[in-house]
Amino acid sequence: MSATSNPVDVHVGNRIRLRRTLLGMSQERLGNALGLTFQQVQKYERGRNRVGASRLYDLSCVLDVPVGFFFAGLPAHVDTTDRPVTDTVDGMAEPEAPTLSSALPTVAQDGLALLSRRETIELVRAYYGIEDSGTRRRVLDLVRSMGASS
């Protein structure tokens, strides 16, 4: 196994952690639901271990999201190999495929980082804890007005 994790595995792991945290679920509780240890969940979330198809399906059921959720925000083409650039028949080097970090726009990377912060998750939970939709709308308007630059 290489010293670095596959960018797709890291992305999927980040999405697992995001959803688990949004649900207020511990790694131990998720592991128990899947018949795993919390250490194995931790390895999945860090992208150190690859999540197999059947395990991904189990995760989607336990976390109540479609399987596609784990791939949301992933570029269509990610170079997941560590191959060197090879020459083509006519002697021209092929362009390198984009990596996950270079293919994702900075805004998307920043957005993903913001969504993973505990403060953001707590704010979202508190917001959706407000039962009255009119009050929720007023809170949203208030927060927007506070964040607007003058």
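1. A loop residue to begin with. Asparagine 49 sits in the loop that joins α3 to α4, where helices (H or I, at least four residues) and strands (E, at least two) are DSSP runs numbered from the N terminus. With a relative accessibility of 25%, asparagine 49 counts as partly exposed; buried means under 20% relative accessible area, exposed over 50%, and partly exposed in between, with a 1.4 Å probe and protein chains only. Leaving aside residues up to four places away in sequence, asparagine 49 touches Gln40, Lys43 and Tyr44, a contact being heavy atoms within 4.5 Å. Glycine 13 is 36 residues from asparagine 49 in sequence, and their C-alpha atoms are 9.0 Å apart in space.

2. Basis of the values. This is a predicted model, in which local features need pLDDT of at least 70 and side-chain atom pairs count only at pLDDT 80 or more, while totals for chains, interfaces and linings use all residues. Residues are numbered from 1 along each chain as its sequence is written, and side-chain values use heavy atoms, with hydrogens and water left out.

3. Overall make-up. The secondary structure comes to eight helices and zero strands, so the order from the N terminus on reads α-α-α-α-α-α-α-α. Of the 150 residues of the protein, 25% count as buried. Among contacts between residues at least 6 apart in sequence, 58% join residues at least 24 apart. The accessible surface comes to about 10200 Å², of which 55% belongs to carbon and sulfur atoms; accessible areas come from the Shrake-Rupley method with a 1.4 Å probe, and for residues only the protein chains shown count as cover.

4. The largest nonpolar core. In soluble globular proteins, nonpolar side chains tend to be buried together. A nonpolar core is here a set of buried Ala, Val, Leu, Ile, Met, Phe, Trp, Tyr and Cys residues joined through side-chain atoms within 4.5 Å. The largest such core has 18 residues, and those touching the most other members are Ile16, Leu30, Leu59, Leu63 and Phe70. At least two residues of this core are supplied by each of α1 (7-22), α2 (27-34), α3 (38-46) and α4 (53-62), and the largest share, four residues, comes from α1. Leucine 59, not counting residues up to four places away in sequence, touches Ile16, Leu30, Leu34, Val51, Asp64 and Phe70.

5. Which residues make the nonpolar surface patch of about 270 Å²? The patch is made by Tyr57, Val67 and Phe71, and tyrosine 57 lies in helix α4. Patches are made of residues with over 30% relative accessible area and no salt bridge, like charges being joined within 9 Å and nonpolar side chains (Val, Leu, Ile, Met, Phe, Trp, Tyr) within 5 Å.

6. Side chains of opposite charge can pair when their charged atoms come close. A search of the whole structure finds four salt bridges, each a side-chain nitrogen of Lys or Arg within 4 Å of a carboxyl oxygen of Asp or Glu. In one of them, arginine 20 is paired with glutamate 45, and the closest N and O atoms are 2.5 Å apart. Because arginine 20 lies in helix α1 and glutamate 45 in helix α3, the pair ties together parts that are 25 residues apart in sequence. Both arginine 20 and glutamate 45 are buried.

7. Salt bridges within a helix. Arginine 55 and aspartate 58 meet through their side chains at 4.0 Å, N to O, and both lie in helix α4, three residues apart, about one turn of the helix. Arginine 55 is partly exposed at 22% relative accessibility, as is aspartate 58 with a relative accessible area of 32%. In helix α8 (residues 133-147), arginine 137 and aspartate 141 are four residues apart and thus separated by about one helical turn, and their side chains form a salt bridge of 3.8 Å, N to O. Arginine 137 is partly exposed at 43%, and aspartate 141 is partly exposed at 37%.

8. Aromatic pairs. The whole structure holds two aromatic pairs; rings of Phe, Tyr and Trp (its six-membered ring) pair if their centres lie within 6.5 Å, and planes under 30 degrees apart count as stacked, over 60 as edge-to-face and the rest as tilted. The rings of phenylalanine 69 and phenylalanine 70 have centres 5.6 Å apart and planes at 80°, so this pair is edge-to-face, and both residues are buried. The rings of tyrosine 127 and tyrosine 128, with centres 5.0 Å apart and planes at 85°, are likewise edge-to-face. Tyrosine 128 is exposed, with a relative accessible area of 61%.
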